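Work through these exercises with the structure open. Try each task before reading its solution.

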Amino acid sequence: MKDRASERDMPAGAGGLGSTAGRTVRGADASGAAVIVAGGCSAWALPQDTTIAAVARGKVRETLRALLIPEEMVGDAATMVSELATNVLVHVLRDRCRPPGQPELWMYRRGKAPQIVTKVFDDGPWKGAVPHQPLRPPPGAEGGRGLELVNGLTGEHGGEWGVHRTRSRLGCPPGCGKAVYFALPAPEDSPASLPLIRRGCREASRDLEAALRARGLGPLHRSEGWDMSVLSVRAGVTVWARDGGLAVTTPAGMLRFPPGDVTEAAETIVCHCEDLDAR
């Protein structure tokens, strides 16, 4: 008897992506849903013109439908990513005295109780984390309600949203910038809710090292032994990988991740490194 992990429940192409954990895969190179199920991050370059919101909506709808997400959540996710992409157009692409970098759309899964994370990256200047309250603009304002909408819709679905410093995934070399994101819970009957492939500590540490190098971090130093692997990223940031999971020491304290959650661990480390550089 087959369980929920049977092939018929998996997005097309998922079976051949078992080594994707922690990797960024361009959306044109594989099914976005298959990459997410395999533990990687699917990334698309977004246009730098007025089509940016429509393209982002289309990619999110296509990917979430392939993951068997309920249509109501698909519609709300498309609305939210449209608002985030429009903000990039209005506040970054149109308000520049130099050529802008390519904005990017990322989607991946994270956590033991899986969430599907959608992020829109841009290389605009960091203006500080967005306060969640108050978000409502003055009554007479003609705009400024996009993040209020994102806040409300993520709350309705039991999700979360935020903004943080990070680095691009598709740039060569990776450029610095920020990502605004929302994370929604994966329903139990979605392929995205299947457990990530359980990884040994050495394999997880090597995947994480490769993911960090791809984002431009280094030099990195890894040592293995005594049923553990230790990855030194920089002063104040060290990863302790054991078969039970990943523990990351940061200036903000210890963070823990499931053994297969390499993509989220790498993104969190990149965020902390960017914050440290900014100080």
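**Exercise 1. The whole protein**

Task: State how many helices and strands the protein has, and what share of its residues is buried.

Solution: 
- Keep in mind that this is a predicted model.
- Count the elements: the protein has six helices and 11 strands.
- Turn to burial: 52% of the 279 residues count as buried.
- Then look at sequence separation. Take the contacts between residues at least 6 apart in sequence; 60% of these join residues at least 24 apart.

**Exercise 2. An aromatic pair**

Task: Find the aromatic pair and decide whether it is stacked or edge-to-face.

Solution: 
- Ring centres must lie within 6.5 Å to pair. By this rule there is one aromatic pair.
- The partners are Trp 106 and Phe 121, at 5.6 Å centre to centre.
- Their planes are 15° apart. Planes under 30 degrees apart count as stacked, so this pair is stacked.
- Now place the rings. Trp 106 is in strand E3 (residues 104-110) and Phe 121 is in strand E4 (residues 115-122), so the pair ties together parts 15 residues apart in sequence.
- Check burial: Trp 106 and Phe 121 are both buried.

**Exercise 3. Charges over rings**

Task: Which residues lie over the faces of Trp 106 and Tyr 181?

Solution: 
- Start with the ring from the pair. Arg 169 lies over the face of Trp 106, 4.7 Å from the ring centre.
- Go on to Tyr 181. Lys 119 lies over its face, at 5.3 Å from the ring centre.

**Exercise 4. One alanine**

Task: Is Ala 78 buried or exposed, and what is it in contact with beyond its sequence neighbours?

Solution: 
- Locate the residue: Ala 78 sits in helix H3 (residues 71-93).
- Read its accessibility. The cut-off for buried is under 20%. Ala 78 has 0% relative accessibility, so it counts as buried.
- List the contacts, leaving aside neighbours within four places in sequence: Arg 57, Val 60 and Arg 61.
- Take one of these partners. Arg 61 is 17 residues from Ala 78 in sequence, yet their C-alpha atoms are 6.2 Å apart.

**Exercise 5. Helix H5**

Task: Compare the span of H5 with the expected value, then find what its buried residues pack against.

Solution: 
- H5 covers residues 201-214, which is 14 residues.
- From first C-alpha to last it reaches 20 Å, close to the 20 Å expected at 1.5 Å a residue.
- Its buried residues include Cys 201, Ala 204, Ser 205, Leu 208 and Leu 212.
- Recall the helix rule: residues three or four places apart point the same way, because an α-helix has 3.6 residues a turn.
- The buried residues of H5 pack against strands E7, E8, E9 and E10 and helix H6.
- Just after H5, Gly 216 has a positive phi of about 90°.

**Exercise 6. Pocket and cavity**

Task: Which element gives the most to the lining of the second largest pocket, and which gives the largest share to the largest cavity?

Solution: 
- The second largest pocket has a volume of about 260 Å³.
- It is lined by 16 residues; Gly 22, Arg 23, Thr 24, Ala 211 and Ala 214 lie nearest its centre.
- Strand E1, H5 and H6 each supply at least two lining residues. H5 gives the most, with four.
- Next, the cavity. The structure holds one of 30 Å³ or more. The largest cavity has a volume of about 40 Å³.
- Its lining includes Leu 64, Met 73, Ile 116 and Phe 182.
- H3, E4 and E6 each give two or more residues to this lining. The largest share, three residues, comes from E6.

How values were computed: Residues are numbered from 1 along each chain as its sequence is written. This is a predicted model: local features need pLDDT of at least 70, side-chain atom pairs count only at pLDDT 80 or more; totals for chains, interfaces and linings use all residues. Side-chain values use heavy atoms; hydrogens and water are left out. Rings of Phe, Tyr and Trp (its six-membered ring) pair if their centres lie within 6.5 Å; planes under 30 degrees apart count as stacked, over 60 as edge-to-face and the rest as tilted. Buried means under 20% relative accessible area, exposed over 50%, partly exposed in between (1.4 Å probe, protein chains only). A charge sits over a ring if NZ of Lys or CZ of Arg is within 6 Å of the ring centre and within 35 degrees of the ring normal. Contact means heavy atoms within 4.5 Å. The expected span of a helix is 1.5 Å times one less than its number of residues. On a 1 Å grid over the protein atoms alone, a cavity is a set of points where a 1.4 Å probe fits but cannot get out, and a pocket is an open set with protein on both sides within 12 Å along at least five of seven lines; lining residues have an atom within 4 Å of a point. Grid points are joined across faces, edges and corners, and a volume is the space filled by probe spheres set on the points.
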